[in-house]
Amino acid sequence: QVQLVESGGNLVQPGGSLRLSCAASGRVLGFNEVEWYRQAPGKQRELVASVSGGTTKYADSVKGRFTISRDNAKKMAYLQLSGLKPEDTAVYYCQATILMSSGGGTWWGGGQGTQVTVSS
């Protein structure tokens with residue numbers, strides 16, 4: 001019924017920027033809550049940013065460098081990454097609670113991830 005697909009990951013030099021996108025398709029009215037996680041090799045999945053209502057939250061490790069946003073008209077969520085560091089290298093995942101159209105209630109799930117590699 002709903003699919004989330006992340007994109008925008010790439011190889012970038014330290015100090016660089018990327019914008020990750022999370023596209024929702026299907027019976028989507030809009031995003032309710034959005035979370036971005038990341039998982040580096042050999043490490044546990046880490047919540048880096050979330051938005052619910054008008055409230056955004058960030059992990060201390062990314063605060064001031066990453067910005068989460070959503071555009072319900074486009075059925076898109078974003079994570080703007082700047083001031084990237086090698087330790088930001090990970091697969092980044094979008095997870096969201098979607099408001100479904102036609103009285104379909106809500107859907108919760110995530111995508112397959114997009115790889116971000118920060119290296120010179």
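The link of Cys22 and Cys94 is left-handed, with -75° about the S-S bond. It is a disulfide with the sulfur atoms 2.2 Å apart, where a disulfide is taken as a pair of cysteine sulfur atoms within 2.5 Å. By this rule the count comes to one disulfide. Cys22 sits in strand β3 (residues 18-26) and Cys94 in strand β9 (residues 90-100), so the pair ties together parts that are 72 residues apart in sequence. Strands here are DSSP runs (E, at least two residues), numbered from the N terminus. Cys22 and Cys94 are both buried, meaning under 20% relative accessible area (1.4 Å probe, protein chains only).

The model is a predicted one, so to speak of local features takes pLDDT of at least 70, and side-chain atom pairs count only at pLDDT 80 or more, while totals for chains, interfaces and linings use all residues. Residues are numbered from 1 along each chain as its sequence is written, and side-chain values use heavy atoms, with hydrogens and water left out.

On to the rings: the structure holds one aromatic pair. Phe66 and Tyr92 make up this pair, which is tilted, at 6.4 Å centre to centre and 55° between the planes. Rings of Phe, Tyr and Trp (its six-membered ring) pair if their centres lie within 6.5 Å; planes under 30 degrees apart count as stacked, over 60 as edge-to-face and the rest as tilted. With Phe66 in strand β7 (residues 66-71) and Tyr92 in strand β9, the pair links distant parts of the chain, 26 residues apart. Phe66 and Tyr92 are both buried.

Terms used: Helices (H or I, at least four residues) and strands (E, at least two) are DSSP runs, numbered from the N terminus. Buried means under 20% relative accessible area, exposed over 50%, partly exposed in between (1.4 Å probe, protein chains only).
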